[in-house]
Structure formats: structure tokens, C-alpha cells
Amino acid sequence: MNRVDLTVIGGGPVGLFAAFYAGLRGMSVRILDSLPELGGQLTALYPEKYVFDMPGFPKVLAKDLARQMIEQGTQFGPEVVLDDTCTTLTQDDAGWTIGTRSGGEYPTRTLVIAAGVGAFQPTKIGIEGEEDWLGRGLSYGVRDKSALQGKRVAIVGGGDSAFDWVLNLMDTASEITLIHRRDQFRAHEDSIEKVVASGIPMKLWCEVKAIHGSERIERITIQNSQTKEFEELPMDAVVVNIGFKSSLGPMLQWGLDIQKNQIVTDALYRTNLPGVFAVGDVCTFDGKLKLIATGVGEAATAVCLAKQLVDPNAKLFPGHSSDMNL
Ligand SMILES: Cc1cc2nc3c(=O)[nH]c(=O)nc-3n(C[C@H](O)[C@H](O)[C@H](O)COP(=O)(O)OP(=O)(O)OC[C@H]3O[C@@H](n4cnc5c(N)ncnc54)[C@H](O)[C@@H]3O)c2cc1C
């Protein structure tokens with residue numbers, strides 16, 4: 001495998017901007033991501049939610065923002081390797097080699113880690129055969145609202161995501177039932193008030209115990225933990241929103257300075273390893289904000305510093321993009 005100037009671990013919004021900026025600076029770039037598609041949290045966690053704090057967009061759907069960031073991030077033709085998790089990092093004479101779960105080896109001169117919250121997995125409801133229902137009506141979050149058009153949807157959870165989806169699907173689903181294992185919610189008061197006012201049925205103190213159907217979901221069984229009673233509900237889809245488990249996993253063994261599952265950097269986003277930067281949600285320093293708008297700024301700075309490591313004659317500041325012929 002050829003050695004690139006810069007490897008970006010993580011194809012979320014911050015990693016994509018790093019790839020764009022490195023391309024702008026004439027660097028050869030490789031993006032590695034464990035998910036099967038680019039976009040990070042925007043695509044995986046909240047594609048149908050509006051984002052209101054992106055410069056230049058009064059409001060933008062996360063999936064639309066991801067699409068634009070993917071177009072921008074790949075415009076200089078970086079090599080993109082998806083569906084493979086980075087597991088090892090080995091120093092060599094010319095930089096670093098990243099090893100992946102599938103056995104890939106990717107040499108690089110410098111590295112920007114934009115791994116967000118790490119490779120994340122949704123928390124499951126914990127019923128037998130749960131995975132068999134994936135793609136047959138069971139989902140963790142919503143990727144495509146139109147797939148729920150006219151359907152009877154159970155939304156499981158009591159936090160912001162669950163309540164956002166109840167509100168968001170009111171114009172799409174034929175019926176919505178909220179299922180939550182307590183009678184208290186962690187969602188914003190405003191969302192709770194709206195959902196309560198909507199009058200949708202809420203099954204409180206209840207958990208999904210079984211899913212039934214042939215090709216797709218047809219019914220679910222829930223149990224009330226207070227009364228111990230079971231109830232069967234006709235249902236077409238179950239949308240689970242009970243959180244995600246994430247971990248930096250193998251990255252914790254790379255010799256990086258880690259605090260609370262985040263990579264410690266200095267004010268220039270340098271880690272304790274030479275030529276290795278960390279930006280976006282994965283990094284921590286005094287005053288860190290976990291926002292896309294601040295993360296992309298970190299990425300631009302880290303890339304310009306990496307450029308100088310690869311080419312010591314390069315200026316730190318490349319000039320304005322509006323002065324370039326792209
Ligand atoms: C519900 C919700 C709403 C939000 N709303 C907003 C908002 O309105 N405005 C805002 O600014 N921010 C918002 N955020 C936060 C924002 O999404 C994050 O700050 C942003 O996604 C961070 O980008 P990132 O590129 O650093 O990481 P991520 O988007 O997490 O991307 C990291 C990528 O790295 C990959 N990865 C991780 N580990 C490995 C590995 N070992 N090997 C290979 N790949 C790996 C992951 O698969 C992932 O694709 C929201 C977050 C959530 C959950």
C-alpha cells in the first residue's frame with residue numbers, strides 16, 4: 001500500500017473537512033472509517049434532524065449537511081476505505097502504519113484522528129432474536145422517514161431522540177406509540193409538552209419483550225414492570241432510541257494520552273505522538289466544545305501543521321480559498 005501524506009481516521013464531518021483541507025493543500029489523503037458510509041454522527045445518529053448552528057445554513061437537515069460535506073471532503077479524490085476499523089498504530093522510519101480489523105495496512109506520513117466518540121453501537125432492547133428483525137421493521141433511530149409512511153410505529157425510549165422522533169414522525173406514521181420503561185423522561189420539557197399534548201398513546205413502565213411476525217413485524221409484546229402484565233400490540237415498526245455505546249476501543253492501546261475516553265491534545269491539536277493530531281469530538285483540551293463548527297476549525301489548523309511536517313518549506317497559512325483556482 002502506498003504511503004500518503006495524511007491519513008484521516010474517521011469520515012465524520014470533522015474528518016471530512018480535514019480531508020478537504022489537506023486536498024486544498026496538495027497533500028495525498030486517505031480516509032478510513034469503520035462505518036459503511038461517510039458522514040459520522042450526522043448520517044448514523046440523526047440524519048433527519050435539523051442542525052441550526054452551521055455557518056451559512058439557517059437550518060439544514062443533518063443528512064443534507066452530510067451530503068454536502070462528503071462532496072466537499074472528497075473533491076480532491078482522497079482514497080476512501082470504509083467498513084473497516086483501525087485497530088493498530090505502529091511507528092516506522094517514515095511516519096506511521098495503521099492496521100485495520102480486516103488485515104489492511106495503511107502507511108502514512110502524518111495522521112489526523114477524527115474518530116468522534118469512537119466506533120459506536122446502538123444499545124439493544126435485549127430480546128431474543130433481536131438482530132433477525134433488523135431491516136424487517138426494527139431499527140435503531142431512523143435513516144429513512146419515508147420507510148415509515150403509513151405505518152404503526154412503536155418508539156422505544158424516554159430521551160431527546162425518542163421524543164424528537166415521535167414529533168418528527170407525526171406527519172408520516174399512521175399511529176405512534178411511545179414505550180418507556182419509566183414514567184419520567186430525560187427529553188427537553190418543550191418536546192415532552194408537545195408529545196403529551198398530541199395525545200399519542202404512551203406505554204409507561206413498559207419494555208418490549210418480544211416481536212412477532214412472518215416477513216416483517218406484525219405485533220409486539222410489552223410488559224409492564226409494575227403490574228407484571230403482558231400486552232400484545234399490533235405494530236409494523238419498532239424504532240429503538242435508548243442510546244449508544246461507544247468506545248475508542250483499540251485506540252486506547254496506541255500510547256496516546258487519554259482522559260475520559262478522549263485524546264488529550266495541546267492548543268495546536270497535537271497529541272503526545274509525533275505527527276499525530278486529534279480533532280473533533282475525539283479530542284480534549286481546555287475550552288473544548290463538541291460542535292461541528294469548532295471541530296472543522298481544529299481540522300484546518302491540524303492539517304496545516306501536518307503539511308509543514310511533510311514539507312518544512314510550506315507556509316502555515318495557505319491563503320484564502322477564494323483566491324485559489326479550484
Ligand atoms: C443527536 C445529536 C444531535 C447533534 N446536533 C448537533 C448540532 O445541532 N450542531 C453541532 O454542531 N453538533 C451536533 N451534534 C454533535 C456533532 O454531531 C458532533 O460534534 C460531530 O459529529 C463530531 O464530528 P467528528 O467528525 O469529530 O466525529 P463523528 O461524527 O463521531 O465521526 C467519527 C467517525 O469516526 C469513525 N471511527 C471511530 N473509531 C474508528 C476506528 N477505530 N476506525 C475507523 N473509524 C473509526 C466513526 O465510525 C465515525 O464515522 C449532535 C450530536 C448528536 C448525537
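A nonpolar core is a set of buried Ala, Val, Leu, Ile, Met, Phe, Trp, Tyr and Cys residues joined through C-beta atoms within 7 Å. A residue counts as buried if 20 or more other C-beta atoms lie within 10 Å of its own, as exposed if 12 or fewer do, and as partly exposed in between, with C-beta atoms placed from the backbone. The model is predicted, with local features requiring pLDDT of at least 70 and side-chain atom pairs counted only at pLDDT 80 or more, while totals for chains, interfaces and linings use all residues. Residues are numbered from 1 along each chain as its sequence is written.

**The largest core**

Select A18, V112, I113, A114, V279 and A299: of the 54 residues in the largest nonpolar core, these touch the most other members. Helix α1 provides the largest share of this core, with nine residues. Helices (H or I, at least four residues) and strands (E, at least two) are DSSP runs numbered from the N terminus.

Next, centre on V112. With neighbours within four places in sequence left aside, V112 is in contact with L6, V8, A18, F277, V279, A299, A302, V303 and A306; contact requires C-beta atoms, placed from the backbone, within 7 Å. Another core of 33 residues lies apart from the largest one, and includes I155, A173, C206 and I220.

**The whole protein and its domains**

Six helices and 22 strands are present, and the C-alpha atoms fill a box of roughly 70 × 40 × 35 Å along the principal axes. Of the 326 residues, 41% are buried.

Colour domain 1 (4–120 + 245–323) and domain 2 (124–242) separately; these bounds come from an automatic or database domain assignment. The centres of the two domains, taken over C-alpha atoms, are 34 Å apart. At their interface, four residues of domain 1 are in contact with six residues of domain 2. The domain 1 side comprises two nonpolar, no polar and two charged residues. In this classification, Ala, Val, Leu, Ile, Met, Phe, Trp, Tyr, Cys and Pro are nonpolar, Asp, Glu, Lys and Arg are charged, and the others, Gly among them, are polar.

**Strand β17 and its partners**

Select β17 (residues 237–240). A237 and V239 point one way and V238 and V240 the other, and all are buried. Strand β10 (residues 138–140) pairs with β17 in the parallel sense over three bridges, and S139 has V239 as its bridge partner. Strand β11 (residues 152–156) also runs parallel to β17, joined by four bridges, with A154 partnered by V238. Strands pair if DSSP finds at least two bridges between them.

**A three-stranded sheet**

Finally, select β19, β20 and β22, which form an open sheet in the order β19-β20-β22 with mixed pairing. β19 (258–259) and β22 (283–284) stand at the edges with a single partner strand each, so one side of each has no neighbour in the sheet. Two bridges join β20 (residues 262–264) to β22 in parallel, and V264 stands opposite T284 in β22.

Definitions and conventions: Two residues are in contact if their C-beta atoms, placed from the backbone, lie within 7 Å.
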